[in-house]
Amino acid sequence: MPPPNSSVSASPVSRRRFLHYSATGAGLLILPSGLRAGPNAPSNKLNVALIGVTGRGRVFHDPLAEENVVALCDVNEEYLGVGAKRFPRAKTHVDWRKCLEQKDVDAVVICTADHTHAFVANWAMNRDKHVYCEKPFATSVEEVRLLRSRWLAKRHKLASQVGTGTAANHNRIRELIRDGAIGELSVAYAWGTRQLRRNGYWPAAGAPPSHLHYDLWIGPAPYHPYHPNYFKPGNFAPEGLPKPVNAVSAVCLSWNMFWDFGTGQVGDMGSHNMNMVWNAIDAKWPTAIESKGEPYNPEVTPVELECRYEHPANDWRGPITVMWHQGGSMPRSPLPYVDLTKIRDGVMFKGSQGFLVGDFRTGSRVVIPFGEKAALSYYQPRAEAAMTPTYNGITRWIEACKNPALKTPCDFEYGGNMMEQNLLGLVAYRVGRKIRYDGAAGRVVDDAAADALLKKTYRKGWTLDG
Ligand SMILES: NC(=O)c1ccc[n+]([C@@H]2O[C@H](COP(=O)([O-])OP(=O)(O)OC[C@H]3O[C@@H](n4cnc5c(N)ncnc54)[C@H](O)[C@@H]3O)[C@@H](O)[C@H]2O)c1
């Protein structure tokens, strides 16, 4: 096989087909034994582009080093330089649209700012590239629905995964609920306690540094002038504002609360914490949504927010309510001596026989049975052999790129459904009234103002479906 950054590599289609057949075993049947490729043979490796090289992108350097990183893309040339040291054979790009034109790229890992995720992911799938996309998957209902339908049409040949971090705890929680540990499920709650307050977009603060392609960072978002605070790690308190609670050093926490760059905590920790609920409830579209929170700010998403989603019955449970709480709003504790505020990112399920409480950060859970049957005598624990396997997201996605028949933990159907629900909470918050949703049609029923908020307007020159 030619070097990965060579322009004479095999055509992407034939190479991908070979990877696919090799992984499924079909290729091994037709290859002479002397030519059979082992799992680490160059011909079995995926040609990957990493789009967004530092920050979250760094987490993927090690797993991707096992494959061929043939392209790196970053709007910051200094960060591109950092990536190029690790992956010296990769071609480098500052514009993801150019990166996706690189013919030998089979698959992309997207770690850019949220307002570009749907663009990069959709353009990549349009070019038949597998996609791993960091959460939040998309920033509008329209974006979600486009990505999900595009992937569903190509799922036989493309792997997809959203970086929501499905862990063993998610599956243990699901099994406890499905096996009846809390009886008939009625309500599921997820919450995040992070509070990052901003007043509005930062004012203009001079020219961006020459190594930063600021106009490309803005990309499809409405233009806002450069300010260095968009690029600092998130653990800082802007002047005159209260110190953020639970802030950590991630640059996404410097821009993801602004409407034009992110979706706030319902998209950020909501992608992680709601995933613990979503993994357990087998839901799709809510039929009604109602939200409340602090007064609407047209520039900044709410810190404090509570969203109530009504989900219809499915084949194993009755209708349920799903609640999202953030930024100070919390569900009521099931017992006076249980302090849910000790859990920064948590979930709780209420059933006819008790409660189940889970923690995203520690990967732990507790069952709190109530009433006459508090001995849990009605519940039969699942045998270890029948437990659901848990897969590491990036590892499983790489395997699925080579064999798209493999299911990834958070593909664009599952992850898209969850994100559609989360984003509908923001729509209901913005109109300030209960909305009814027709999920099959992708429409808010009888509420033109809410329906209009399912879509975003993009900057001139940018198209979502390119
Ligand atoms: N799954 C998780 O646990 C987890 C954790 C942290 C962040 N994230 C997600 O990862 C993403 C990035 O977060 P971050 O804190 O690393 O942000 P960041 O601002 O540091 O961006 C990451 C990298 O992407 C580059 N970049 C930004 N926009 C780009 C564009 N349009 N084209 C090319 N490169 C671009 C940046 O220069 C930087 O190198 C966010 O969507 C965030 O939600 C996920």
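**Ligand shell, nonpolar cores and sheet packing**

The shell of residues around the ligand divides into 13 nonpolar, ten polar and six charged residues (Ala, Val, Leu, Ile, Met, Phe, Trp, Tyr, Cys and Pro count as nonpolar, Asp, Glu, Lys and Arg as charged, and the others, Gly among them, as polar). Of these 29 residues, G52, G55, R56, V251 and C252 come nearest to the ligand; a residue is taken as near if its C-beta atom, placed from the backbone, lies within 6 Å. The model is a predicted one, in which local features need pLDDT of at least 70 and side-chain atom pairs count only at pLDDT 80 or more, whereas totals for chains, interfaces and linings use all residues. Residues are numbered from 1 along each chain as its sequence is written.

The protein chain holds 13 helices and 15 strands (DSSP runs numbered from the N terminus, H or I over at least four residues for helices and E over at least two for strands). Of its 466 residues, 44% are buried, that is, have 20 or more other C-beta atoms within 10 Å of their own, against 12 or fewer for exposed residues and values in between for partly exposed ones. Among contacts between residues at least 6 apart in sequence, 66% join residues at least 24 apart, a contact being two C-beta atoms, placed from the backbone, within 7 Å.

What lies at the centre of the packing? The largest nonpolar core has 95 residues, and A49, L50, I51, V108, V109, I110 and L356 make the most contacts inside it (a core is a set of buried Ala, Val, Leu, Ile, Met, Phe, Trp, Tyr and Cys residues joined through C-beta atoms within 7 Å). Helix α12, residues 414-431, gives the most to this core, with nine residues. A second, separate core of 16 residues includes A221, F258, W259 and V303. Beyond its neighbours within four places in sequence, L356 touches I173, L176, I177, A181, I182, M348, F349, R365 and V367.

Strand β1 (residues 47-51) pairs with β4 in the parallel sense over four bridges (pairing requires at least two DSSP bridges), and L50 stands opposite V109. Strand β5 (residues 130-134) also pairs with β4 in the parallel sense over four bridges, with A107 opposite H130.

An open sheet of nine strands runs in the order β13-β12-β11-β7-β10-β9-β8-β14-β15, with mixed pairing. Because β13 (364-369) and β15 (443-445) stand at the edges with a single partner strand each, one side of each is left without a neighbour in the sheet. Strands β8 (residues 288-293) and β14 (residues 435-438) pair in the antiparallel sense over two bridges, and A288 stands opposite R436. Helix α12 packs on this sheet, touching β8, β9 (305-311), β10 (320-326) and β14, and its direction makes about 60 degrees with that of β8 (axes are lines fitted to C-alpha atoms, for helices over the stretch in contact, with angles from 0 to 180 degrees between N-to-C directions).

Within helix α12 lies G425, which counts as buried because it has 29 C-beta neighbours inside 10 Å. Leaving aside neighbours within four places in sequence, G425 is in contact with V266, I289, S291, C307, Y309 and W324. G425 and Y309 are 116 residues apart in sequence, yet 7.7 Å apart in space, C-alpha to C-alpha.
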